[in-house]
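Please read it beside the sequence and the coordinates.

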Amino acid sequence: MPMAAADIESAILAALPGARVEITDLAGDGDHYAAVVTAPQFAGLSRVAQQRLVYNALGGRMGGVLHALKLTTVVG
Amino acid sequence: MTNPVHDRIADLVNSNDVVLFMKGTPFFPQCGFSSTAVAILERLNVAFEGVDVLADQEIRQGIKEYSDWPTIPQLYVKGEFVGGSDIMMEMFQAGELQTLVAEAGVKPAA
């Protein structure tokens, strides 16, 4: 069962309060997404550490039910 | 504590300058993200070892734990985790990946 865009957004916002999340459903199939996450929590972190914050927010679903998420993180 | 799969991964990333853990092979990537990663490394013109995680379920699971990173592909340079395909693309576009491999003294592709 794929993950709905709204669920991805709410999981990220719950873990990163004050973030802005823009999600695009790339294939229109509810299974291949791109997300741009802009968050103040990213300040001073490496790209790897920024993406880990987002992956941790998704609580193990990344690479599982959520198999394709092209992720861009921006300090904001 | 030793983990035999982690030992195999450590051996791979320490005995090759550039290692890409990917789905499929460099000649025949089986996932768009892995395909992107291969294309970037080809543009960099560096020699790299492609490890097909689809052909090795132990590595497929083990690399996620080893790197604390949930997705494939994963790039290692000189034993250090660099990131997945999105980070590779950002670094490539910023010129940072070129600097990283140059400073690491990575061999060019044959």
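## The sheet of chain B

In this predicted model, strand β1 (residues 18–22) of chain B runs antiparallel to strand β5 (residues 74–77) of chain B, and the two are joined by four bridges. Within this pairing, Val19(B) has Tyr76(B) of β5(B) as its bridge partner.

The pair belongs to an open sheet of four strands, whose order in chain B is β4-β1-β5-β6 and whose pairing is mixed. Strands β4 (49–52) and β6 of chain B form the edges, each pairing on one side only. Averaged over the sheet and with direction ignored, neighbouring strands are turned by 25° against each other.

## Chain B as a whole

Chain B contains five helices and six strands, which follow one another along the sequence in the pattern α-β-β-β-α-β-α-β-β-α-α. Its C-alpha atoms fill a box of roughly 40 × 25 × 25 Å, taken along the principal axes. Because a compact globule with 110 residues would have a radius of gyration near 13 Å, the 13 Å computed for chain B agrees with that expectation.

Of the 110 residues in chain B, 39% are buried. Among the contacts in chain B with a separation of 6 or more, 66% are accounted for by residues 24 or more positions apart. As for confidence, the average pLDDT of chain B is 95, and 99% of the residues score at least 70.

## Helix α4 of chain B and the contact with chain A

Which residues of α4(B) are buried? They are Ser85(B), Asp86(B), Ile87(B) and Met88(B). These buried residues pack against elements of both chains, namely α2 and β3 of chain A together with α2 (32–44), β5, β6 and α5 (96–104) of chain B. Just after α4(B), the backbone of Gly95(B) takes a positive phi of about 80°.

The contact between the chains takes nine residues from chain B and ten residues from chain A. On the side of chain B that touches chain A, β6 (80–83) and α4 (85–94) of chain B each supply at least two residues, and α4(B) gives the largest share, with three residues. Sorted by class, that side of chain B has three nonpolar, two polar and four charged residues. For the complex, the predictor gives an ipTM of 0.86 and a pTM of 0.93.

## The sheet of chain A

Chain A has an open sheet of three strands in the order β1-β2-β3, with mixed pairing. The edge strands are β1 and β3 (68–75) of chain A, each of which pairs on one side only. Neighbouring strands here are turned by 15° against each other on average, direction ignored.

Strand β1 (residues 20–25) and strand β2 (residues 32–39) of chain A pair in the antiparallel sense over six bridges. Across this pairing, Ile23(A) stands opposite Ala35(A) in β2(A), while Thr24(A) stands opposite Ala34(A) in β2(A). The two strands form a hairpin with six residues between them, in which Gly28(A) takes a positive phi near 70°. In a regular strand, the side chains alternate between the two faces of the sheet.

## Helices of chain A

Helix α1(A) lies across β1 and β2 of chain A and runs at about 160° to β1(A). Helix α2 (residues 47–57) of chain A also packs on the sheet, where it touches β2 and β3 of chain A, and its direction makes about 120° with that of β3(A).

Ala11(A) is a residue of helix α1 (residues 5–15) of chain A. Is Ala11(A) buried or exposed? Ala11(A) counts as buried because 20 other C-beta atoms lie within 10 Å, and the cut-off for a buried residue is 20 or more. Setting aside residues up to four places away in sequence, Ala11(A) touches Ala57(A), Leu58(A) and Gly59(A). Ala11(A) and Asn56(A), which are 45 residues apart in sequence, are 9.6 Å apart in space, C-alpha to C-alpha.

Notes
Residues numbered from 1 in each chain as written. Chains lettered and ligands numbered in written order. Pairing = 2+ DSSP bridges. Rg over C-alpha atoms; globule rule 2.2 N^0.38 Å. Buried ≥ 20, exposed ≤ 12 C-beta atoms within 10 Å, placed from the backbone. Contact = placed C-beta atoms within 7 Å. Nonpolar A, V, L, I, M, F, W, Y, C, P; charged D, E, K, R; others polar. pLDDT = per-residue confidence, 0-100. Axes fitted to C-alpha atoms, helices over the stretch in contact; angles between N-to-C directions.
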